[in-house]
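Good morning, colleagues. Please look at the structure on the screen, and I shall guide you through a few of its features.

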Amino acid sequence: MESAGEIKTLEEEEGINWRTGILYPTLLGGFMGGGIGWKVYGRELMSTYATNLAIVTGCYCGAREFVRVSRHSGPDNLVDSAIAGFGTGAILGRLQGGPIGAIRYSIGIAIVGTGVDFAAIKLRHVFKNMYESGDEKKKGGFKWPEWLPIQVLDEEALAAKHAREEALRARIRDLTKEES
């Protein structure tokens with residue numbers, strides 16, 4: 001039973017994490033928009049694309065969390081993503097392009113937003129496994145995947161690498177002495 005002076009936040013009641021649900025995706029959308037604007041159009045439009053994509057991402061993520069709380073569903077429900085995408089697209093599209101823009105934007109944002117959420121759900125276990133393999137951080141560093149050519153060397157491998165490099169330097173010195 002709650003006391004009269006006790007105030008519960010939505011994070012306590014519904015399990016909403018505003019940082020991971022809205023703030024981080026909005027910042028990521030801003031960075032991606034800036035990168036796209038810089039790569040495609042140069043620095044003149046970089047801030048415009050960053051701002052626009054951050055606004056769309058923030059509106060979409062906020063709507064998705066609002067729909068999730070309203071429907072009392074879990075964080076991985078794609079129906080919430082589709083509803084939020086249609087609603088966000090309709091509002092932003094109406095502001096940008098009138099009634100026709102509302103239809104186009106609602107369909108587009110619903111498809112893209114739901115697709116990104118679906119990919120995030122499918123890739124979550126990959127990133128979680130990479131993070132959990134970070135237990136090696138206690139032993140001295142992040143463990144790179146085996147297929148990646150960048151590897152952290154142990155002491156023996158590092159000593160062998162230094163020996164190969166020193167032998168190569170000696171051969172180069174000998175060749176430069178012979179040419180002189």
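Helix α3 covers residues 46-71, which is 26 residues. From its first C-alpha to its last it reaches 37 Å, close to the 38 Å expected at 1.5 Å a residue. Please bear in mind that this is a predicted model. The average pLDDT of the protein is 80, and 82% of the residues score at least 70. Confidence is lowest in helix α1, residues 10-14, where the mean is 51; it is highest in helix α5, residues 155-179, at 90.

Let us return to α3 and follow it along the chain. Met46 lies in this helix. Setting aside neighbours within four places in sequence, Met46 is in contact with Gly33, Gly34, Gly37 and Trp38. Met46 and Ile36 are ten residues apart in sequence, and their C-alpha atoms are 7.4 Å apart in space.

Further along, α3 has a number of buried residues, among them Ala50, Ala54, Thr57, Gly58, Tyr60 and Cys61. Arg64, Glu65, Val67, Arg68 and Val69 are buried in α3 as well. An α-helix has 3.6 residues a turn, so residues three or four places apart point the same way. After the helix comes His72, which has a positive phi, near 55 degrees.

I turn now to the nonpolar core. Which residues make up the largest one? There are five in all: Ile22, Tyr60, Cys61, Ala84 and Ile109. The elements that give two or more residues to this core are α3 and α4, the latter being residues 78-132. Neighbours within four places in sequence aside, its contacts are Ser81, Ala84, Gly85, Thr88, Ile109, Gly113, Thr114 and Asp117.

Finally, the largest pocket. It has a volume of about 1,200 Å³. Its lining comprises 38 residues, and those closest to the centre are Pro25, Cys61, Arg64, Val116 and Asp117. At least two lining residues come from each of α2 (18-41), α3 and α4.

Thank you for your attention.

Methods: Residues are numbered from 1 along each chain as its sequence is written. This is a predicted model: local features need pLDDT of at least 70, side-chain atom pairs count only at pLDDT 80 or more; totals for chains, interfaces and linings use all residues. Side-chain values use heavy atoms; hydrogens and water are left out. Helices (H or I, at least four residues) and strands (E, at least two) are DSSP runs, numbered from the N terminus. The expected span of a helix is 1.5 Å times one less than its number of residues. Buried means under 20% relative accessible area, exposed over 50%, partly exposed in between (1.4 Å probe, protein chains only). pLDDT is the predictor's confidence in each residue, from 0 to 100. A nonpolar core is a set of buried Ala, Val, Leu, Ile, Met, Phe, Trp, Tyr and Cys residues joined through side-chain atoms within 4.5 Å. Contact means heavy atoms within 4.5 Å. On a 1 Å grid over the protein atoms alone, a cavity is a set of points where a 1.4 Å probe fits but cannot get out, and a pocket is an open set with protein on both sides within 12 Å along at least five of seven lines; lining residues have an atom within 4 Å of a point. Grid points are joined across faces, edges and corners, and a volume is the space filled by probe spheres set on the points.
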